[in-house]
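Trainee: Can we go through this one together? I'd like to learn how you back up each label you use.

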Amino acid sequence: MDSSPSSNVHHLTYNDKQIVLVGTAHISQASVDEVREVIHQEAPDSVCVELCASRLEAIRNPDAWKKTDLFQIIKEGKTFLLLGNLMMSSFQRRIGKQLGVQPGAEMMEGVRAAEATGATLVLADRDVRTTLQRTWRSLKFWDRTKLLGQLVASIFSNEEISEAEIEAMKQGDALAEAMDALASQSPHIKRVIIDERDAYLAEKIRNAPGEKVVAVVGAGHVSGILKQIEEPHDLAELEYVPPPSSWGKLLSWGLPLLIVALIGYGFMVSGQDASLEMIQRWFFINGALSALGVLAAFGHPITIATAFVAAPFTSLNPMIAAGWVAGLVEAFLHKPKVEDFENLNEDITELKGFWRNKITRILLVVVFANLGSSIGTFVGGFAVASLL
């Protein structure tokens with residue numbers, strides 16, 4: 001294997017196949033130019049890009065948002081998945097807007113260059129939805145809380161990054177330090193988002209058709225791909241989304257049953273007045289915190305009232321979430337217009353845009369109502385138990 005660690009372009013050989021690995025910064029005009037030049041110079045049989053089919057479709061067809069069925073997303077419980085994806089893309093869009101380069105421009109340049117040279121295009125990345133789901137399922141409660149905090153912090157951040165700093169991100173030492181920092185803060189996140197995708201990309205690249213392959217990947221994946229390019233990997237295993245943990249299911253059903261049991265026990269031991277006080281505390285605390293979440297998302301007054309009434313009941317039924325009910329009501333009262341879909345990509349580049357755009361506001365209503373109800377379940381549970 002022969003590589004040039006001081007360059008963004010790495011040449012290696014695997015089973016008589018020539019592989020040219022191009023490490024890029026995802027928001028960099030220099031990377032766009034370099035990708036185009038390398039592909040035209042090498043004239044490969046295949047071009048691999050760090051994209052999945054859904055991301056490619058999103059870039060090629062930005063108007064696809066206009067066909068989004070928010071009611072279906074809420075009913076299927078995919079609200080956080082969608083909102084998390086938007087939050088992660090907001091940082092890249094803000095930096096791309098600053099530098100005048102669209103996020104993923106270098107990948108699309110790889111797609112265009114492959115089509116121009118007649119090379120076979122290989123979408124080498126794992127589906128972004130699978131990555132997000134595997135990440136979420138791998139995290140414990142506090143890790144999920146930390147991740148949510150980091151996503152929200154990325155929206156509040158107004159830090160400006162120069163193009164020179166973007167280019168410096170492609171230097172191996174700086175990337176190694178960044179990966180080490182990520183691993184120390186959250187090994188689970190690094191394993192799914194970085195290590196697993198390194199393996200996935202390496203497997204797709206080494207099995208790309210033809211004798212010469214150009215692979216366009218983010219610079220953060222280069223070192224991992226170089227290490228794993230000769231190792232076989234099971235793509236089906238890397239695409240598998242594990243079911244929710246048994247502990248999560250036990251907690252989701254066990255806690256409501258415990259609350260009901262406490263109220264019933266209070267009735268038998270302390271009488272009707274005590275049990276009524278328990279019920280009142282439960283309804284007020286759970287409903288108020290869920291309603292407060294909707295208020296924080298600037299939900300409609302009727303949606304706030306709906307969350308207040310629904311949360312105490314939905315918290316006792318794991319099959320229904322307060323956020324789903326509130327989100328459906330908000331979507332009915334504040335139906336997104338065509339302009340909301342058209343302005344979505346622009347709105348998510350600033351904090352207030354998440355609240356201004358009706359689409360993201362509905363998503364925030366769902367998430368904040370659920371968050372308030374979850375907190376209310378624990379706080380209300382303690383309040384009920386304290387009366388025994």
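Trainee: Which residues does Thr-377 touch, not counting residues up to four places away in sequence?

Mentor: Thr-377 touches Leu-255, Trp-282, Asn-286 and Ser-315. The model is a predicted one, and Thr-377 lies in its helix α19.

Trainee: What makes the link between the side chains of Thr-377 and Ser-315 a polar contact?

Mentor: Look at the distance: it is 3.4 Å between those two side chains. The cut-off for a pair of N or O atoms is within 3.5 Å, so this pair counts as a polar contact.

Trainee: And why is Thr-377 called buried?

Mentor: Its relative accessibility is 10%. Buried means under 20%, so Thr-377 gets the label.

Trainee: Okay, now Ile-19. Why does Ile-19 count as buried?

Mentor: Run the test again: Ile-19 has 2% relative accessibility, and the limit is under 20%, so Ile-19 is buried. You'll find Ile-19 in strand β2, residues 17-24.

Trainee: Which residues does Ile-19 touch, leaving out those up to four places away in sequence?

Mentor: Among them are His-10, Leu-12, Tyr-14, Ile-205, Val-213 and Ile-229. Val-47 sits 28 residues along the chain from Ile-19, and their C-alpha atoms are separated by 9.8 Å.

Trainee: How many strands form the open sheet, and in what order?

Mentor: Five strands, ordered β1-β2-β5-β3-β4, with mixed pairing.

Trainee: What makes β1 and β4 edge strands?

Mentor: Each of β1 (9-14) and β4 (120-123) pairs on one side only.

Trainee: How do you know that β3 and β5 pair?

Mentor: Count the bridges: β3 and β5 (residues 212-218) share four, in the parallel sense. Pairing needs at least two bridges, so β3 and β5 pass. As an example, Val-49 has Val-216 in β5 as its bridge partner.

Trainee: Which strands does helix α1 lie across?

Mentor: Helix α1 (residues 29-42) lies across β1, β2, β3 and β5, at about 165 degrees to β2. Helix α10 (residues 187-206) lies across β1, β2, β3, β4 and β5, at about 140 degrees to β2.

Trainee: What caps the N-terminal end of α6?

Mentor: Asp-127 does, with a side-chain oxygen 2.8 Å from the backbone nitrogen of Arg-129. In α6 (residues 128-138), the buried residues include Val-128, Leu-132 and Ser-138.

Trainee: Which residues touch the most other members of the largest nonpolar core?

Mentor: They are Leu-70, Leu-83, Val-294, Ala-326, Phe-354 and Leu-364, out of 23 residues in that core. Elements giving two or more residues to this core include α3 (70-75), α4 (79-99) and α19 (358-385). The largest share, eight residues, comes from α19. As a background rule, nonpolar side chains in soluble globular proteins tend to be buried together.

Trainee: Last one: where is confidence lowest, and where is it highest?

Mentor: Helix α9 (residues 172-185) is lowest, with a mean pLDDT of 49, and strand β3 (residues 46-49) is highest, at 97. Over residues 1-6 the pLDDT is below 50, and over residues 172-179 it stays under 50. For the protein, the mean is 80, and 75% of its residues reach 70 or more.

Methods:
Residues numbered from 1 in each chain as written. Heavy atoms only, no water. Buried < 20%, exposed > 50% of the residue type's maximum accessible area, 1.4 Å probe, protein only. Contact = heavy atoms within 4.5 Å. Core = buried A, V, L, I, M, F, W, Y, C linked by side-chain atoms within 4.5 Å. pLDDT = per-residue confidence, 0-100. Polar contact = N/O pair within 3.5 Å; in protein donor to acceptor, adjacent residues only side chain to side chain. Axes fitted to C-alpha atoms, helices over the stretch in contact; angles between N-to-C directions.
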